[in-house]
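Subject: Structure for your review

Dear colleague,

Please find below the structure that I would like to hand over to you. Kindly keep it open while you read the notes that come after it.

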Amino acid sequence: MTETTSTKKDNWSEEAYAASASFVYSAKITGKLLASLNPKPTDKVLDVGCGDGKFTSNYLPAIGSVLGIDSSGSMIESANKDYASPKASFRVVDCRYLEKETSIVDGSWDKVISNAALHWILRDESTRISTLRAIHGCLKPGGTYVFEMGGHGNVAEVKAALLFALVQEGISIEKARETSPWFFPSDTWMRNALEEVGFQVENAELEYRPTKLTSDAKGGLEGWVRLMGAQFLEALPEKKQDTVVKQICDVLQTVVTRVEDGSQWLGYVRLRGIAKKI
């Protein structure tokens, strides 16, 4: 569920993710994706951007074996600690360069799944198509690729606040946009890209799914901004980061908070798809 640029600081940890974004791997939120996977006892599954393995654990009992890959060393360490077994292993891989992993891209996988990771992995425009081509190369003929990621318009309110916060600190809008770690494509873009690398797309759809933030003391809106927006904040001097986070939260307070109960919600837009290797 996470993919970070290998040359940058690893901001991920199991504890921070649980505090600020535990909803990402809940079976309730991921039910449609898990149904699309349709796990079978004979399936050999590759989980791209597996994070700490908690999402993987939702379908692990129903399959034959799984390899989870993610660029965050700390998250892979947590996944191996909690879920490694004779049928489950986890490995540090920068999925932007998946095609270099010849032991994985070998046409032997029944299914490839990715949850809440591709919008990080595909941020680098120069490796988008090669990553999707490598995923295609992982699969057996007739194999299935299922995914869910941020789609066009995802968390628009907080992204706009993060961009403006950087501009307010004297960073050009062009530089602020370059700082964004996300790529949120439309369903049309994804369908075209998948077909370009040889997939037969069975479904690609956007779903507007407002998502309730955690109420954890270290989570909530501030925790989400600090974790998910870390690369934005790193563009600022460290001494200014706390002030900017507070400003962002103040700006968004009435935008994301429901008056009836004080709960906070972000405007998640999910792009979900199923594609076959023909």
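The notes below go from the whole protein to single residues.

Please bear in mind throughout that this is a predicted model.

**The protein as a whole**

The protein contains 12 helices and 9 strands. Its C-alpha atoms fill a box of roughly 50 × 35 × 35 Å along the principal axes. A compact globule of 278 residues would have a radius of gyration near 19 Å, and the value for this protein, 18 Å, agrees with that. Of the 278 residues, 53% are buried. Among contacts with a separation of 6 or more, 75% are between residues 24 or more positions apart.

**The annotated region**

The UniProt record, an unreviewed entry, carries the annotation "domain: Methyltransferase" for residues 45-143. Over residues 45-143, the chain is 30% helix and 27% strand.

**Helix α4**

Helix α4 covers residues 73-83, and M75, I76, S78 and A79 are buried in it. These four cover an arc of only 160° around the axis, and they therefore lie on the same side of α4. The other side of α4 has E77 and K81, which are exposed.

**Aromatic rings**

A search of the whole structure finds 8 aromatic pairs. One of them is formed by W182 and W224: the ring centres are 6.1 Å apart and the planes stand at 50°, so this pair counts as tilted. The pair links distant parts of the chain, as W182 and W224 are 42 residues apart. W182 is in the loop between α8 (173-179) and α9 (187-196), while W224 belongs to helix α10 (residues 220-228). Both W182 and W224 are buried. They are also members of one aromatic cluster, which is formed by W120, W182, F184, W224 and F232.

**Charges over rings**

Two cases of a charge over a ring may be looked up. The charged end of K100 sits over the ring of Y97, at 4.9 Å from its centre. R258 lies over the face of W265, and the distance to the ring centre is 3.7 Å.

**Residues with a positive phi**

Most residues other than glycine have a negative phi. Which values do A116 and V155 take? Phi of A116 is near 55°, which is positive although the residue is not glycine. A116 is placed in the loop between β4 (109-115) and α5 (118-121). With a relative accessibility of 5%, A116 counts as buried, since the cut-off is under 20%.

Phi of V155 is near 40°, again a positive value in a residue other than glycine. V155 is found in the loop between β5 (139-150) and α7 (156-168). Its relative accessible area is 1%, so V155 is buried.

**Three further residues**

- D94 is in the loop between β3 (88-92) and β4. At 14% relative accessibility, D94 counts as buried. The C-alpha atoms of D94 and I121 are separated by 8.3 Å, and the two residues are 27 residues apart along the chain.
- A204 is part of strand β6 (residues 199-208). A relative accessible area of 9% makes A204 buried. Leaving aside residues up to four places away in sequence, A204 touches D187, R191, R272 and G273. A204 and A275 are 71 residues apart along the chain, and their C-alpha atoms are separated by 8.5 Å.
- K246 lies in helix α12 (residues 238-256). Is K246 buried or exposed? At 53% relative accessibility, K246 counts as exposed, because the cut-off for that word is over 50%. K246 and E222 are 24 residues apart in sequence, and 7.7 Å apart in space from C-alpha to C-alpha.

Yours sincerely,

A colleague

Key:
Residues are numbered from 1 along each chain as its sequence is written. This is a predicted model: local features need pLDDT of at least 70, side-chain atom pairs count only at pLDDT 80 or more; totals for chains, interfaces and linings use all residues. Side-chain values use heavy atoms; hydrogens and water are left out. UniProt positions are given in the numbering used here, feature names are shortened, and annotations may be inferred rather than shown by experiment. Helices (H or I, at least four residues) and strands (E, at least two) are DSSP runs, numbered from the N terminus. Buried means under 20% relative accessible area, exposed over 50%, partly exposed in between (1.4 Å probe, protein chains only). The arc is that of the directions from the helix axis to the C-beta atoms. Rings of Phe, Tyr and Trp (its six-membered ring) pair if their centres lie within 6.5 Å; planes under 30 degrees apart count as stacked, over 60 as edge-to-face and the rest as tilted. A charge sits over a ring if NZ of Lys or CZ of Arg is within 6 Å of the ring centre and within 35 degrees of the ring normal. The radius of gyration is taken over C-alpha atoms; the globule rule is 2.2 Å times the number of residues to the power 0.38. Contact means heavy atoms within 4.5 Å.
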